[in-house]
Amino acid sequence: MQTTQQLLAAGIRYRLAIMDKSQRWLAEQVGISKYALARRMHSKTTFDVDLVDRLASALGTDFSGLIALPADAFNKVA
């Protein structure tokens, strides 16, 4: 079973892939460094609620849109 952190990271990767955007772009959109985003994406640091809200907004979705992915999404971002 995946943790919420892993689901968020997978959702972010999926959204970035379908938007053809990079983690650098997303970090710039939400006002954090690429390094800070990468640490969260690799579960070195946790996502906080405010950041998740900003990330989701930049990706054109909400929290549930980040974690409720199509069944094949994990194969696409793995």
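Which residue follows α1, and is its phi positive or negative? The residue is D20, and its phi is positive, near 55 degrees. Keep in mind as you read that this is a predicted model.

**The chain as a whole**

Welcome to a chain built with six helices and zero strands. Reading from the N terminus, its elements run α-α-α-α-α-α. The chain has 78 residues, and 38% of them are buried. Its exposed surface comes to about 4,700 Å², with carbon and sulfur atoms supplying 51% of that area. If you look at contacts between residues at least 6 apart in sequence, 63% of them join residues at least 24 apart.

**Helix α1**

Let us start with α1, which spans residues 4-19 and so counts 16 residues. From its first C-alpha to its last, α1 reaches 22 Å, close to the 22 Å expected at 1.5 Å a residue. Its buried residues are Q5, L8, A9, A10, G11, I12, Y14, R15 and L16. An α-helix has 3.6 residues a turn, so residues three or four places apart point the same way.

**Helix α3 and its arginine**

Helix α3 covers residues 34-41, and R40 is found in it. The buried residues here are A36, L37, A38, R40 and M41. Their cover includes α1, α2 and α4 (49-58).

The side chain of R40 does reach the backbone oxygen of A36, at 3.0 Å. Leaving aside residues up to four places away in sequence, R40 touches T45, T46, F47 and L51.

**A residue on the outside**

Is E28 buried or exposed? This residue lies in helix α2 (residues 23-30). E28 counts as exposed because its relative accessibility is 55%, and the cut-off for exposed is over 50%. E28 and A58 are 30 residues apart in sequence, while their C-alpha atoms are 9.9 Å apart in space.

Terms used
Residues numbered from 1 in each chain as written. Predicted model: local features only at pLDDT ≥ 70, side-chain atom pairs only at ≥ 80, totals over all residues. Heavy atoms only, no water. Helix = DSSP H or I, 4+ residues; strand = E, 2+ residues; numbered from the N terminus. Expected span 1.5 Å × (residues − 1). Buried < 20%, exposed > 50% of the residue type's maximum accessible area, 1.4 Å probe, protein only. Polar contact = N/O pair within 3.5 Å; in protein donor to acceptor, adjacent residues only side chain to side chain. Contact = heavy atoms within 4.5 Å. Areas by Shrake-Rupley, 256 points an atom, 1.4 Å probe, with all protein chains shown as cover.
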